[in-house]
Amino acid sequence: MTLNGWLQILLFFALVLAVTKPLGVFMARVFNRERTFLDPLLRPIERLIYRLTGVDETREMRWTEYGAAMLSFSAVSMVALYLLQRLQAWLPFNPQNLANIEPSSAFNTAASFTTNTNWQSYLPETTMSYLTQMAGLTVQNFVSAAGGIALAIAFIRGIAQRKKDTLGNFWVDMTRATLWVLLPFCLVGALALVSQGVVQNLKPYDAVTLLDPQGEVKTQTIAQGPVASQEAIKMWGTNGGGFFNANSAHPFENPTPLSNLLEMFAIFAISAGLTYTLGQMTGSPKHGWAVFGAMALLFFVGVSVAYWAEARGNPMLAGTDQAASALQSGGNMEGKEVRFGIANSALFATATTDASCGAVNSMHDSFTPLGGLVPLANIMLGEVVFGGVGAGMYGVLIYVVLAVFIAGLMVGRTPEYLGKKIEAYDVKMAMLTVLIFPMTILIFTAISSVSPAFGTSQLNNSGPHGLSEMLYAFTSGTGNNGSAFAGISANTNWYNSAIGAAMLLGRFFMIIPMLALAGNLGSKKAVPPSLGTFPVTTPLFATLLVSVIVIVGALTFFPVLSLGPIVEHLLMQAGQTF
Amino acid sequence: MSKEKSISIWDSKIITRALLDSLRKLNPTAMMKNPVMFVVEVGSVITSILLIRDLAASAPGIGFSLQITLWLWFTVLFANFAEAMAEGRGKAQADTLRKAKTETTANRLLPNGKVEIIAAPQLRKDDIVIVSAGEFIPGDGEVIEGVASVDESAITGESAPVIREAGGDRSAVTGGTRVLSDQIKIRISSNPGETFLDRMISLVEGAERQKTPNEIALNILLAGLTIVFLLAVVTLQPFAIYSSAPQTVFVLVSLLVCLIPTTIGGLLSAIGIAGMDRLIQHNVLAMSGRAVEAAGDVNTLLLDKTGTITLGNRQATEFIPLSGVSETELADAAQLSSLADETPEGRSIIVLAKEKYKLRGRELTPHEAHFIPFTAQTRMSGVNYDGREIRKGAVDAIERYVNGNGAQAPRELRETVERISRAGGTPLVVADNKRPLGVIYLKDIVKGGMKERFDQLRAMGIKTVMITGDNPLTAATIAREAGVDDFLAEATPEDKMALIKREQAEGKLVAMTGDGTNDAPALAQADVGVAMNSGTQAAKEAGNMVDLDSNPTKLIEVVEIGKQLLMTRGALTTFSIANDVAKYFAIIPAMFSVAFPVMNELNVMKLATPQSAILSAVIFNALIIVVLIPLALKGVKYRSLSAAALLRRNLLIYGLGGIVVPFIGIKLIDVAVVALGLA
């Protein structure tokens, strides 16, 4: 670890911290339908959209209707995206004449992009036409992210409001999330990325003659495309699906250290802002900061472990020079880009899995066992460290409800969260969302691990590392992260279908009980705060929240992790790798 | 059931009964109500079956399997024992109460005026009975004629007799109590099987115990966690097979039982029962566990001024003479006028005169003194003695007496009277031969220690509101002196009701006490309504608790017991979940250190062998239930701190403690297990 590396990590965090309040205030205004500086430009567009779609923007929805709207929208999106892939050969904007995509892969990708996962079991540049990328994937990048923000806002309303049965209007929330939040940020973000050298064109791929021919290979194909526009929403919307297979390690997606910083910043910005929105809308800014604090603590623990594990290198290469110096990054550079080095690779891996982004600028499969444990554990904890746009917020709020319930009794009252009593129904819904993760991840991984025919046969590594690969794939899918540990050939019927199912379960089976909880909280009256009220604004509460997140996550996944990265780490110390 | 008669929970009879009950409770249909312990029972059955199979096949390692199976059964039994212990004292008390239900006869008054003697259980609602001195009252009812002193010790444990009389708020009588003097006519108000005594028996016995809302919520959390761990353990076997380290069912069941929250799961119902029991030890009967929980949540306490905040009687604190009159002269007249006054106020005047002016109370014989009692018409009392006509009373009554109708008292007198009223006191004017002498200052005396208790309540975020019939001026003064947060002056039952509804509309929970029939609607509306046992039947039916001691101050203790109940649940839940960290460090390395010797690095407790590690964790898991039974029954120590301070304190003790304690405990058990050669 170097001072320079830590300064870059701190700079990144300082940027996120700096925008938290302004973004939070801005989003609170947007979703409270208060005036913002963008209104003169966007209100006419918004009204036009509602007129064309027949949406009554004053109509309030109960949680059931809100959820039904979200689900039907996602279902239609998924079918459309599936068809687009299956028919792309006959559609325009396909200069490479790429073929139609076969069914299991098309299903997997459709599930992947409508759930904001962006797991990619295909090689984008040799599979997806420009039309599929722009009208299918990029559009889903926007709307799946907007849907997540809408759901988070609905949940916050449930906490903030008193004795009200409705949570807002899904269509309005989604439209406003897209127009006011995602589009402006992405527009600016895309231009910033172009300034750093990210390409944006519709050209056929370039074929260039190699200066230094490698035997028979005398030319190289350089993929092209409308990259910057997709790259911006890929990061701002915590989608993570790369235009190219190499994702943010590709020089056309992420050419410079500055573009790298901008991309990482974009992963956290909206989610960090939402913590302030939470404080603002519930009338308790300190609570927002307490949640921010809990997230920040988990972020620093994660990034410290990852950076430390990667920077110290591989003990089995003791004797070779692995120290950082002016001429080399030092540490474990396998699978990392030289232009990013150890610190920015570890930071990127932590941030992309803290949030449900899933973009990568280095290969997690090549991390040391403990370095690779960090992204895996981050996703297992539910991606609540800032988290996916919206998804991180409602994910952490479920943990808040649980933390308040478990520890709240200790102050001698029925647990209360900002005046709302946490009762049997609320606990039931919170537990349902918590159950989805272990159920999906553990069962699918367990089946794969004892099925040589379709499970273990796809592994490139044996032993604990092989287990980590399967575990990571299902964890990433269920967590709607989308990053890959790689090392596993997942474009098979089993993995496409199982991971596809995991993505759908991880998104929608969490959202339904979550909305039910929000609806129930919203209809409750609130007990006015007093000295006897459970404090949710203090550092102690932030610590409690962290403990509950870590203990619930650790207790669930410690057994399998012990047979994966943990034993792999111990074996590596003893001189054995896989 | 008073403190003197209360039964220790460590009574050998209770323990014997609890031991038998813990076996009886193994019945799976009963166990299913507790999902956590049911899973343990199923696990025990599975390992028992496998154990028998292994025994038949003389498989190796029987010693380990046998011990694991036994300890799993012990885990279930210990949890059952905890519940049985909690029920024990209640059951013993129910037995005592049943004895009070001995066969009595009733003198039923027939419509034709004749009296027939029938067995008490034959009485029906609205029958009229006559009870004379020495007889037991055959059923709950209301005195409709007469007055009698009644021994209610069978119900309340209080041996001093109480007066029961027709009309007013002291008319209710309870079946099973005994009339000591005089004769009363009673209208029976309940059918057999529905009497107060019947209800009391079923309440202390816990026969109709239902899970409270909060307990249900907690049970859902525990069931959810159990499913999570079930998933984690069931899927661990495929991962173990993949890693070429398959596990035996004994080990997997051990891991599961150690991980699921058995500590709180096993103690949860015991905590609830013990909470109700603790109320009963305070002579308060809660009609439902829900009411006890609500008591912990109370935001606003409505406290009657008289009897709760003040001593109930005004006391003379000062003699203020008019100019030209000496204090001693006034004190002397005041004392003379009060010699026959048996009210506490009157007695306090005599005492003050004696203490402050050394005036001895005189024995006046009726022939030299003629006492004038207080009447509603004159609103004065006094004495005609030695040619003097001494009177004391309210200022307007004395004015009328001194000057005839429409006349004014001297300005000085009026000013003094007003000053006392403003200060929250009650002025009594004394006149001698129609000459006003001065004013006696009667003051409400706030009970000692009340201010501190209200401060404590405030620290816990509970607002206290004093309810009084006094005028706002007086009320404000006493409220200030007592340190309550708010007051309701000149309160009518309607005002009280409106106040409760207003608080509830703000989302607050309200607790109050009451005894009169006109309190009944408010008692029913309040979230916690504690009726005084001395009160009317209507009040007792409207409230959700009855205080057998009829002590309104006890409302504060009720709140504390409610809080203590919730705190105990939270503390043990936190402790139980935190325990799992150490158990993982004991069991996981033990499971896999054979296939992966490097795993021993996770064996931070340095447990001797894989078998001893697993066995120690299982033993710890079972024993911790027993160790915590006293805490579950007695409750976490109650402290009146703010929520933030309580949380900090309890998180440190039960959260951090819950992580550290099992590391030490499992290590010690491992040492013992190895020393005894058990593994």
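Tutor: Start with overall form. For 578 residues, a compact globule would have a radius of gyration near 25 Å, and chain A agrees with 23 Å. That radius is taken over C-alpha atoms, and the globule rule is 2.2 Å times the number of residues to the power 0.38. Along the principal axes, the C-alpha atoms of chain A fill a box of roughly 75 × 55 × 50 Å.

A word on the basis. This is a predicted model, in which local features need pLDDT of at least 70, side-chain atom pairs count only at pLDDT 80 or more, and totals for chains, interfaces and linings use all residues. Residues are numbered from 1 along each chain as its sequence is written, chains are lettered from A and ligands numbered from 1 in the order written, and side-chain values use heavy atoms, without hydrogens and water.

Next, the elements. Chain A has 16 helices and 6 strands. These are DSSP runs numbered from the N terminus: helices are H or I with at least four residues, strands are E with at least two.

Now the packing. In chain A, 65% of the 578 residues count as buried. Buried means under 20% relative accessible area, exposed over 50%, and partly exposed in between, with a 1.4 Å probe and protein chains only. Of the contacts in chain A with a separation of 6 or more, 78% come from residues 24 or more positions apart. A contact means heavy atoms within 4.5 Å.

Then the rings. Over all chains there are 35 aromatic pairs. Rings of Phe, Tyr and Trp (its six-membered ring) pair if their centres lie within 6.5 Å; planes under 30 degrees apart are stacked, over 60 edge-to-face, the rest tilted. One pair is A:Tyr130 with A:Phe243, tilted, at 6.5 Å centre to centre and 40° between the planes. This pair links distant parts of the chain, 113 residues apart. A:Tyr130 sits in helix α5 (residues 130–160), while A:Phe243 is in the loop between α7 (227–236) and α8 (257–281). A:Tyr130 is buried, because its relative accessible area is 3%. A:Phe243 is buried too, at 2%. A:Phe243 also pairs edge-to-face with A:Phe244, at 5.3 Å and 75°. Both A:Phe243 and A:Phe244 are buried.

Elsewhere, ring pairs build a cluster. Its members include A:Phe12, A:Phe13, A:Phe268, A:Tyr276 and A:Trp289. A:Phe292, A:Phe299, A:Phe300 and A:Phe386 also belong to this cluster.
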